[in-house]
Amino acid sequence: MSRYLSEIVNKQKSGAAAGITSICTANEFAIKAAMKKAAEFDVPVLIEATANQVDQNGGYTGMKPADFTVFIKRIAAGMDFPEERIILGGDHLGPLTRSSLPEDEAMQYAEDLVREYVLAGFTKIHLDTSMRLGTDSESEPLAVEAVAQRGARLCRAAESAFAERLAAFPDSEVPVYVIGSEVPVPGGFTGEDEDSIVTSIEDCSGTYRTYSEVFKNAGLEDAFSRVLAIVVQTGVEFGDSEVFHYSRANMAALSEYGKKNLGLVFEGHSTDYQSEDSLRMMVEDGIAFLKVGPALTFALREALYSLEMIEKELYRNADEKLSNFSSVLDRVMVEAPGYWEKHYRGDEEKVRIARKYSFSDRARYYQGNPEVKASIETLINNIKKAEVPLSMLSQYMPLEFIRIMKNQKNMNAEDLILEHIGSYLEGYYKAAHSS
């Protein structure tokens, strides 16, 4: 399916508003919703794992790249989604999680990481070596040339791994690459005045030119011809309770430069919570890869909160064990604050609200916790056993109520969850896949 991604670039260069939605999550509900939506639009699904989610040691999900591939295929089989329509991507592949180590150690880890991703069948590879390593100067900016040299080192590891994979699986598609890493702070912004940041033409052209020269000198011309996109700051961002929307005016100069001077497209990160109109403009402006992640688990959490309120209404006087999903989730987060305490600021009440409602959705890191998973299973089972009045569904899940009334088809608990996540994906698929 890497050919499909190349076709998107070719369409863009021919003047078409072509794009693809990139699903950046390891959450099973979100992945199911994405496959469901891709099937509705009759397009492939692009699912990406990040270097901290999935690595050679298991990452925070406990999955190595090969495990993630099996995980995705299992979900696809359950959804009757064709394996051949799945594109797997690796995001921020590099020494991200080992940046405190000396260069040799950090880069050896990164090479092994990229190698395992390619061997596991990932075909969209984001080479990210933008971070300072333990032996880099802390007082001087990291030179673009050093970043590109390290990127070439990872690319060589990826090409070598692909040759090995091709020998075992002759039908394997050649990997394609994404370079650059000018992205918003992971998990949302934490400061002020970050809504208008857009990569300068000078920085974009300098990155592209340097990578081109370094790859050529390293004998990686063929690999560089498969660089499809460059990551840039597009001016979109979100925080705990704010969303900075896309500004076509702010992006105009870079967009024009990209269309006239680059043989690739832009990749936009942190596009979560953008409107359908904004997403469509982004694709029209050459931002062909629209990455979304936290918004999907945010939508999952919304759906679970709504179902929990329905559960409490239906079982008010019953003996059944309730899920207590929201209280279990918050207790687990408080007991293990490592994933959110550096991101949520303010007094105790403000932090409590952020834990529960923040757009950055640090709660997503706790969805795999055994207690949280058990509470979700209890919640879904309780809803399945009950007869939910349509009038109550209208109160707590109005979007899903409208869909039921329109299609005259009932939904079970999981259907309601997937539909709600799908409502957040609808704008992406319309913007990227309607040309």
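**View 1. Pairing of strand 3 with its two neighbours.** In strand 3, Gly90 is the bridge partner of Ala49, and the helices and strands named here are DSSP runs (H or I of at least four residues for helices, E of at least two for strands), numbered from the N terminus. The structure shown is a predicted model, in which local features need pLDDT of at least 70 and side-chain atom pairs count only at pLDDT 80 or more, whereas totals for chains, interfaces and linings use all residues. Residues are numbered from 1 along each chain as its sequence is written, and side-chain values use heavy atoms, with hydrogens and water left out. Strand 2 (residues 45–50) and strand 3 run parallel and are joined by six bridges, where two strands are taken to pair if DSSP finds at least two bridges between them. The chain passes from strand 2 through helix 3 (residues 65–79) to strand 3 in a β-α-β crossover that is right-handed, a term that applies if, with the strands pointing away from the viewer, the path from the first strand over the helix to the second runs clockwise. On strand 4 (residues 124–127), which runs parallel to strand 3 and is joined to it by three bridges, the bridge partner of Gly90 is Ile125. Strand 3 (residues 86–93) is mostly covered, with eight of its eight residues buried (buried means under 20% relative accessible area, exposed over 50%, and partly exposed in between, with a 1.4 Å probe and protein chains only).

**View 2. The second largest pocket.** The second largest pocket holds about 490 Å³ of space, a volume being the space filled by probe spheres set on grid points that are joined across faces, edges and corners. The search runs on a 1 Å grid over the protein atoms alone: a pocket is an open set of points with protein on both sides within 12 Å along at least five of seven lines, a cavity is a set where a 1.4 Å probe fits but cannot get out, and lining residues have an atom within 4 Å of a point. Of the 17 residues that line this pocket, Lys73, Glu83, Ile86, Gly121 and Arg165 lie nearest its centre, and the elements that give two or more residues to the lining are helix 3 and strand 3. By class, the lining of the second largest pocket has seven nonpolar, four polar and six charged residues, with Ala, Val, Leu, Ile, Met, Phe, Trp, Tyr, Cys and Pro counted as nonpolar, Asp, Glu, Lys and Arg as charged, and the others, Gly among them, as polar.

**View 3. The largest cavity.** A search of the whole structure finds three cavities of 30 Å³ or more, and the largest cavity contains about 50 Å³ of space. Its lining includes Gln12, Lys13, Ser255, Lys259, Phe266 and Asp285. Helix 1 (2–13), helix 8 (248–261) and strand 9 (265–268) are the elements that give two or more residues to this lining, and helix 8 supplies the largest share, three residues. The lining of the largest cavity has three nonpolar, four polar and three charged residues.

**View 4. Aromatic pairs.** The count comes to 19 aromatic pairs, where rings of Phe, Tyr and Trp (its six-membered ring) pair if their centres lie within 6.5 Å, and planes under 30 degrees apart count as stacked, over 60 as edge-to-face and the rest as tilted. Phe41 and Tyr429 form a tilted pair, 5.7 Å centre to centre with 40 degrees between the planes. This pair links distant parts of the chain, since Phe41 lies in helix 2 (residues 28–41) and Tyr429 in helix 16 (residues 413–433), 388 residues apart. Phe41 counts as partly exposed at 21% relative accessibility, whereas Tyr429 is buried, with a relative accessible area of 1%. Ring pairs also link Phe238, Tyr273, Phe298, Phe359 and Tyr424 into a cluster.

**View 5. Two loop residues with positive phi.** Asp42, in the loop between helix 2 and strand 2, has a positive phi of about 55 degrees although it is not a glycine, and Asp42 is exposed, with a relative accessible area of 55%. Ser270 is placed in the loop between strand 9 and helix 9 (276–284); its phi is near 55 degrees, a positive value in a residue other than glycine, and at 14% relative accessibility Ser270 counts as buried.
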